[in-house]
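Here are my notes on this one, point by point. Have the model open while you read.

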Amino acid sequence: MNVRIALADFEDPGLAAFLRAHLDDIAPTAPVESQHALSLGALREPNVRLWVAREGADIVGTAALAALEPGHDELKSMRTDPARRGTGIASRLLDHLLADATARGVRRISLETGSMAFFAPARAFYGKAGFTPCPPFGSYSDDPNSTFLTLVLE
């Protein structure tokens with residue numbers, strides 16, 4: 001598998017469709033106030049870095065880092081094309097993000113994901129990567145629909 005990872009081209013209509021599918025996938029899992037995925041517009045903000053994984057011309061994954069405070073970023077919009085899950089794309093994206101964060105002096109990456117069964121594979125993936133439970137961070141508050149995880153970078 002020849003996957004290339006690069007910063008997002010926001011003019012690519014395929015990116016908007018891929019991200020819309022992400023929002024559509026999670027929409028039925030929790031009430032709107034418990035859904036924290038960023039919109040395409042929010043992913044364009046200057047404090048956010050969005051990467052796209054491609055295999056050939058196809059978008060097969062996305063992941064973003066949003067700066068929360070100096071030395072602390074939030075992992076956002078991590079998604080692998082459902083047809084390609086289990087092929088290592090998510091691991092490659094996560095490795096890429098962690099390397100970028102480390103190079104920029106980020107010391108901690110945190111994330112919010114769902115607490116429902118739908119998100120069990122994501123929680124297992126992040127746990128395997130070393131993320132551990134943490135209290136809500138940034139603007140989050142306690143929510144039974146959310147799981148908060150963090151990873152301290154060395």
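1. Some ground rules. This is a predicted model, where local features need pLDDT of at least 70 and side-chain atom pairs count only at pLDDT 80 or more, while totals for chains, interfaces and linings use all residues. Residues are numbered from 1 along each chain as its sequence is written, and side-chain values use heavy atoms, leaving out hydrogens and water.

2. On the fold: the protein chain has four helices and seven strands (DSSP runs, H or I of at least four residues for helices and E of at least two for strands, numbered from the N terminus). The order from the N terminus is β-α-α-β-β-β-α-β-α-β-β.

3. Arg 104 pairs with Asp 73, with the closest N and O atoms 2.7 Å apart. That links distant parts of the chain, since Asp 73 sits in strand β4 and Arg 104 in the loop between α3 and β5, 31 residues apart. Arg 104 also bridges to Asp 100, again with 2.7 Å between the closest N and O atoms.

4. How covered are these residues? Asp 73 is buried at 3% relative accessible area and Asp 100 is buried at 14%, whereas Arg 104 is partly exposed at 36% (buried is under 20%, exposed over 50%, partly exposed in between, with a 1.4 Å probe and protein chains only).

Note on methods. Salt bridge = Lys/Arg side-chain N within 4 Å of Asp/Glu carboxyl O.
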